[in-house]
Amino acid sequence: MGPLGITLCAGVAALAATLTPTAYAANPAGGVSVTPSTPAPGDEVVLEVTGCPGERATARSRAFVSDARLVGPGGPGGPLSGETRIRTSLAPGSHPVTIVCADAGAGAGAGAGAGAEVEGTIEVVAAAARPTAPASPVAPVQAGGGGAAPLAAADDSRVEGPGLAHTLTGLLLAGAAAVAVVLRGARRRRGTE
């Protein structure tokens, strides 16, 4: 295999590594995550659980106004997610959450893991403990400049680097360039260019 072939294989391997989900590999037994991670009473939260074999589950806690119905693609430990609200009368502190997994579905091994439970906790903070955004502007509003005003007023300290979408686009473009180089080299060797 020549240098171009090695480059192409390395690009494909890097793309495959980028696209392979790894968020749940560290916790194969299952776990519960909450967004925002430290909600206050009255906040809506998004729950995500891994470790249930099916496509549905129910999250129960005295911290919730109502049980959260969790759904997802399922599969072995695939993520399930759903929303609920924290009780407004709830005292701050750590509160247990129980996820009851639903049946994995019909077919071979149906019922395996049905009724299984995944335990977790949710940390609720007092509403005053969280910093809140000001209700009105604290500085003069930038006026004029048309559509360029937001660009001119951008704060350099808030500029972020490229995200996942930029990385994937760059990898795809690099892969396409590598394929073009390989194909062009093959045409040259055949003398068709």
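Buried means under 20% relative accessible area, exposed over 50%, and partly exposed in between, with a 1.4 Å probe and protein chains only. The model is predicted, so local features need pLDDT of at least 70 and side-chain atom pairs count only at pLDDT 80 or more, while totals for chains, interfaces and linings use all residues. Residues are numbered from 1 along each chain as its sequence is written, and side-chain values use heavy atoms, with hydrogens and water left out.

Asp67 has 41% relative accessibility and therefore counts as partly exposed; Arg60, also partly exposed, has 41%. Their side chains form a salt bridge at 3.2 Å, N to O. The term requires a side-chain nitrogen of Lys or Arg within 4 Å of a carboxyl oxygen of Asp or Glu. The whole structure holds 2 salt bridges. Another joins Arg85 to Glu44, with the closest N and O atoms 2.7 Å apart. Arg85 lies in strand S5 (residues 80-85) and Glu44 in strand S2, so this pair ties together parts 41 residues apart in sequence. Strands (E, at least two residues) are DSSP runs numbered from the N terminus.

There is 1 disulfide, a pair of cysteine sulfur atoms within 2.5 Å. Cys52 and Cys101 are joined, S to S 1.9 Å. Cys52 sits in the loop between S2 and S3 and Cys101 in strand S6, 49 residues apart. The S-S torsion is about -70°, so the disulfide is left-handed. Cys52 is buried at 1% relative accessibility, and Cys101 is buried at 4%.

Cys52 is also among the residues in contact with Ile99, contact being heavy atoms within 4.5 Å.

Definitions and conventions
Helices (H or I, at least four residues) and strands (E, at least two) are DSSP runs, numbered from the N terminus. Lists of a residue's contacts leave out its neighbours within four places in sequence.
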